[in-house]
Amino acid sequence: MDVCVTSDGFFYIPNSAAIDEIVAKVREGIYCTVLGPRYCQKSMLLSDIETRLEATGDEFCFLLDLEGLRTEPDSQFLGSFASQVEENMQGLGGISFPLSSGKVTDGLSLRRFLEECVTQLRGDLVLLIDHLERIRIGPLKSLLTALRSLHDAQGQDDPYRLVVVIATSLSVAELSLGPTSPFNIAHPVLIQDLTREQSERLIRQILEQKEIELTASGHRRCIEAIGGDRYLIPTLCHQCAQITAGKGRGEAAPHDVDEAIVWFLDVQADQYPPLQETIRALEASPAALIDVLKILEEGAVLGRDLQ
């Protein structure tokens, strides 16, 4: 798939495999959980899924960002969530809506509200819910429980269905996918790094836009340092281009790449969300920390030898 650019100039390669997988599951009526560290472009993935689904007009898609609800009092969270859905409903126009989001106060009333939405739309409704990790555990569990309740109440013969796709970070993986999670009926989709071919294409596109070329050795160093990280590639490429242009050159060499890496480690690394999440996860699990130290020491470890 070609390199795409957002309205604010951010280059990325759409996750076509995940898009195909999720769209297929949605059309079977299967809930999905998109899981990955922060900055792995889950939000872009949801937006691309919305675009794909809406292209056929077979479903109504509402993209809901929970970032704006993170400060809501627990007692008002479900009502505020319903309000986001209601705003999307009103945006469609010409829909009679007797059940107001203002009456949503608990999981049962949220379920009835969403059932009414599907009835009024006379079509399948897909909720694409982003940034679950920004919500406190209590209200988040209430939301997932209500969505699970609606899922269990829907039958194969129902003319229209609600389907939910949530995107969240590894920090709440246990709540969203664990054995005791109310949402463990969802199909998990793990965000993968870019392939080497995709990484090379993205690096080339970003630097061409900056009118900077990479030497062959510079290209190898870039791939070696960044791998397939969807966030680090554009971040370090932009910095490398800035460093190279500042020296009055149009070609970046390995030492320019190394300067960009040093900049990231000095300025960005301690605030880099995926690294922070990893540190918190290791702090919470001594066994995982022991496994990581063993892998670093030995280079490769069989799964059966891990904690």
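Select His131, in the loop between β5 (124-130) and α5. The model is predicted, and in it the phi of His131 is near 60°. That is a positive value in a residue other than glycine.

**The largest pocket**

Of the elements, α2 gives the most, with 3 residues. Sorted by class, the lining of the largest pocket has 6 nonpolar, 4 polar and 7 charged residues.

**The cavity**

Leave Cys40 and Gln41 selected and move to the largest cavity, whose lining includes both of them. A search of the whole structure finds 1 cavity of 30 Å³ or more. The largest cavity holds about 60 Å³ of space.

To show the rest of its lining, select Tyr12, Ile13, Pro14 and Asn15, then Met44, Leu45 and Asp48, and finally Ile191 and Arg230. Which element supplies the largest share of this lining? It is α2, with 3 residues. By class, the lining of the largest cavity has 7 nonpolar, 2 polar and 2 charged residues.

Clear the selection and pick α4 (107-121) and α5 (137-153). Each of these helices supplies at least two residues of the lining of the second largest pocket. The largest share, 3 residues, comes from α4. About 180 Å³ of space lies in this pocket.

To see the lining residue by residue, select Glu115, Val118 and Thr119, then Leu150, Ala153 and Gln154. Continue with Asp158, Pro159, Tyr160, Arg161 and Leu162, which also line the second largest pocket. What is the make-up of this lining by class? There are 6 nonpolar, 2 polar and 3 charged residues.

**Helices α7 and α8**

Next, show helix α7 (residues 196-209) and helix α8 (residues 216-226). They pack at an angle of about 120°, and their axes are 11 Å apart. That makes α7 oblique to α8. The crossing of the two helices, α7 and α8, is right-handed.

Display side chains where the helices meet. From α7, the contact is made by Arg196, Ser199, Glu200 and Ile203. From α8, it is made by His219, Cys222 and Ile223. By class, the contact of α7 with α8 has 3 nonpolar, 2 polar and 2 charged residues.

**Last stop: Glu211**

Finally, select Glu211, in the loop between α7 and β8 (213-214). Is the phi of Glu211 positive or negative? The value is positive, about 60°, although Glu211 is not a glycine.

Technical notes: Residues numbered from 1 in each chain as written. Predicted model: local features only at pLDDT ≥ 70, side-chain atom pairs only at ≥ 80, totals over all residues. Heavy atoms only, no water. Axes fitted to C-alpha atoms, helices over the stretch in contact; angles between N-to-C directions. Helix = DSSP H or I, 4+ residues; strand = E, 2+ residues; numbered from the N terminus. Parallel < 35°, antiparallel > 145°, perpendicular 65-115°, else oblique. Left-handed = near helix turned anticlockwise from the far one by under 90°. Contact = heavy atoms within 4.5 Å. Nonpolar A, V, L, I, M, F, W, Y, C, P; charged D, E, K, R; others polar. 1 Å grid on protein atoms, 1.4 Å probe; cavity = no way out; pocket = protein on both sides within 12 Å on 5 of 7 lines; lining within 4 Å. Points joined across faces, edges and corners; volume = space filled by probe spheres on them.
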